[in-house]
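Welcome, and thanks for taking a look at this chain. Please keep the sequence and the 3D view open while you read the briefing below.

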Amino acid sequence: MFGDNVSPFLLSATIKYHIEKYREQYPAATEMLDTCLYVDNVISGAENISQALKLSKDADTIMKNASMTLRKMEFKQSNTEEKLERGRT
(Lines give C-alpha, C1' and ligand atoms only; values in the text may rest on other atoms or scores of the structure.)
Protein backbone atom coordinates (compact mmCIF):
# COMPACT_ATOMS: atom_id res chain seq x y z
CA MET A 1 0.00 0.00 0.00
CA PHE A 2 2.72 2.52 0.91
CA GLY A 3 5.63 1.18 -1.14
CA ASP A 4 9.23 0.46 -0.23
CA ASN A 5 10.16 3.96 0.96
CA VAL A 6 7.98 4.04 4.07
CA SER A 7 10.24 1.97 6.32
CA PRO A 8 13.15 4.48 6.43
CA PHE A 9 10.65 7.29 7.03
CA LEU A 10 9.00 5.44 9.91
CA LEU A 11 12.37 4.57 11.44
CA SER A 12 13.48 8.19 11.26
CA ALA A 13 10.22 9.48 12.75
CA THR A 14 10.35 6.93 15.57
CA ILE A 15 13.93 7.81 16.46
CA LYS A 16 13.17 11.54 16.41
CA TYR A 17 10.19 10.94 18.72
CA HIS A 18 12.41 9.18 21.27
CA ILE A 19 15.24 11.72 20.92
CA GLU A 20 12.90 14.58 21.87
CA LYS A 21 12.19 12.97 25.26
CA TYR A 22 15.85 13.50 26.24
CA ARG A 23 16.57 16.90 24.65
CA GLU A 24 16.95 18.68 28.02
CA GLN A 25 18.76 15.85 29.85
CA TYR A 26 21.29 15.05 27.09
CA PRO A 27 21.42 18.09 24.77
CA ALA A 28 24.69 17.23 23.01
CA ALA A 29 23.79 13.57 22.48
CA THR A 30 20.29 14.37 21.19
CA GLU A 31 21.70 16.94 18.76
CA MET A 32 24.26 14.39 17.55
CA LEU A 33 21.60 11.68 17.10
CA ASP A 34 19.29 14.13 15.36
CA THR A 35 21.92 15.23 12.84
CA CYS A 36 24.52 12.43 12.58
CA LEU A 37 22.48 9.23 12.72
CA TYR A 38 22.11 7.08 9.62
CA VAL A 39 19.82 4.07 10.28
CA ASP A 40 21.72 2.59 13.28
CA ASN A 41 25.16 4.16 12.78
CA VAL A 42 26.49 7.49 14.05
CA ILE A 43 29.27 9.44 12.37
CA SER A 44 30.24 12.52 14.34
CA GLY A 45 33.08 14.62 15.68
CA ALA A 46 34.30 15.44 19.17
CA GLU A 47 36.78 17.90 20.64
CA ASN A 48 38.53 15.18 22.65
CA ILE A 49 38.27 11.56 23.67
CA SER A 50 36.44 12.22 26.95
CA GLN A 51 33.75 14.20 25.11
CA ALA A 52 33.43 11.41 22.54
CA LEU A 53 33.05 8.82 25.31
CA LYS A 54 30.36 10.90 27.04
CA LEU A 55 28.46 11.39 23.79
CA SER A 56 28.70 7.67 23.13
CA LYS A 57 27.44 6.75 26.59
CA ASP A 58 24.57 9.26 26.49
CA ALA A 59 23.54 8.20 22.98
CA ASP A 60 23.57 4.55 24.04
CA THR A 61 21.35 5.41 27.02
CA ILE A 62 18.84 7.26 24.84
CA MET A 63 18.66 4.48 22.27
CA LYS A 64 18.49 1.67 24.85
CA ASN A 65 15.58 3.44 26.56
CA ALA A 66 13.85 3.36 23.15
CA SER A 67 14.63 -0.40 22.87
CA MET A 68 17.07 0.30 20.02
CA THR A 69 20.78 -0.39 19.63
CA LEU A 70 23.44 1.74 18.01
CA ARG A 71 25.51 -0.68 15.96
CA LYS A 72 28.52 1.53 15.33
CA MET A 73 29.83 4.93 16.33
CA GLU A 74 32.70 6.70 14.60
CA PHE A 75 34.33 9.93 15.71
CA LYS A 76 36.73 12.05 13.70
CA GLN A 77 39.81 11.84 15.91
CA SER A 78 42.67 9.38 15.63
CA ASN A 79 42.49 6.35 17.96
CA THR A 80 39.10 7.46 19.31
CA GLU A 81 37.08 4.64 17.72
CA GLU A 82 39.26 1.97 19.37
CA LYS A 83 38.86 3.62 22.80
CA LEU A 84 35.13 4.07 22.26
CA GLU A 85 34.73 0.40 21.51
CA ARG A 86 36.51 -0.48 24.74
CA GLY A 87 34.48 2.15 26.62
CA ARG A 88 31.12 0.91 25.32
CA THR A 89 30.11 -2.33 26.99
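A residue counts as buried under 20% relative accessible area, as exposed over 50%, and as partly exposed in between, using a 1.4 Å probe and protein chains only. By that scale E20 is partly exposed, with a relative accessible area of 47%. Please note that this is a predicted model, in which local features need pLDDT of at least 70 and side-chain atom pairs count only at pLDDT 80 or more, while totals for chains, interfaces and linings use all residues. Residues are numbered from 1 along each chain as its sequence is written, and side-chain values use heavy atoms, with hydrogens and water left out.

**Overall picture**

- The chain holds four helices and three strands, where helices (H or I, at least four residues) and strands (E, at least two) are DSSP runs numbered from the N terminus.
- Along the sequence these follow the pattern α-α-β-β-α-β-α.
- Of the chain's 89 residues, 31% count as buried.
- The accessible surface is about 6200 Å², and 51% of it belongs to carbon and sulfur atoms; areas come from the Shrake-Rupley method with a 1.4 Å probe, and for residues only the protein chains shown count as cover.
- Taking contacts (heavy atoms within 4.5 Å) between residues at least 6 apart in sequence, 64% join residues at least 24 apart.

**The nonpolar core**

- A nonpolar core is a set of buried Ala, Val, Leu, Ile, Met, Phe, Trp, Tyr and Cys residues joined through side-chain atoms within 4.5 Å.
- The largest one has 16 residues, and L33 and L70 have the most contacts inside it.
- Two or more residues of this core come from each of α1, α2 (27-36) and α3 (49-65), with α3 giving the largest share, four residues.
- Beyond its neighbours within four places in sequence, L33 is in contact with I19, V42, A59, I62, M63 and L70.

**Helix α3 and its surroundings**

- With 17 residues, α3 reaches 24 Å from its first C-alpha to its last, close to the 24 Å expected at 1.5 Å a residue; the expected span is 1.5 Å times one less than the number of residues.
- Its buried residues are A52, L55, S56, D58, A59, D60, I62 and M63.
- Y26, in the loop between α1 and α2, is buried at 15% relative accessible area and touches D58, T61 and I62, not counting residues up to four places away in sequence.
- Y26 and D58 are 32 residues apart in sequence, yet 6.7 Å apart in space from C-alpha to C-alpha.
- Just after α3, S67 takes a positive phi of about 60 degrees.
- H18 in helix α1 is buried, with a relative accessible area of 16%, and touches A66 and M68, leaving out residues up to four places away in sequence.

**Salt bridges around R23**

- A salt bridge here is a side-chain nitrogen of Lys or Arg within 4 Å of a carboxyl oxygen of Asp or Glu, and by this rule the count comes to five.
- R23 is partly exposed at 24% relative accessible area and forms a salt bridge with E20, the closest N and O atoms being 2.6 Å apart.
- R23 also forms a salt bridge with E31, at 3.6 Å between the closest N and O atoms.
- A salt bridge joins D34 to R23 as well, at 3.4 Å; D34 lies in helix α2 and R23 in the loop between α1 and α2, so the pair ties together parts that are 11 residues apart in sequence.
- Salt bridges that share partners join K16, E20, R23, E31 and D34 into one network.
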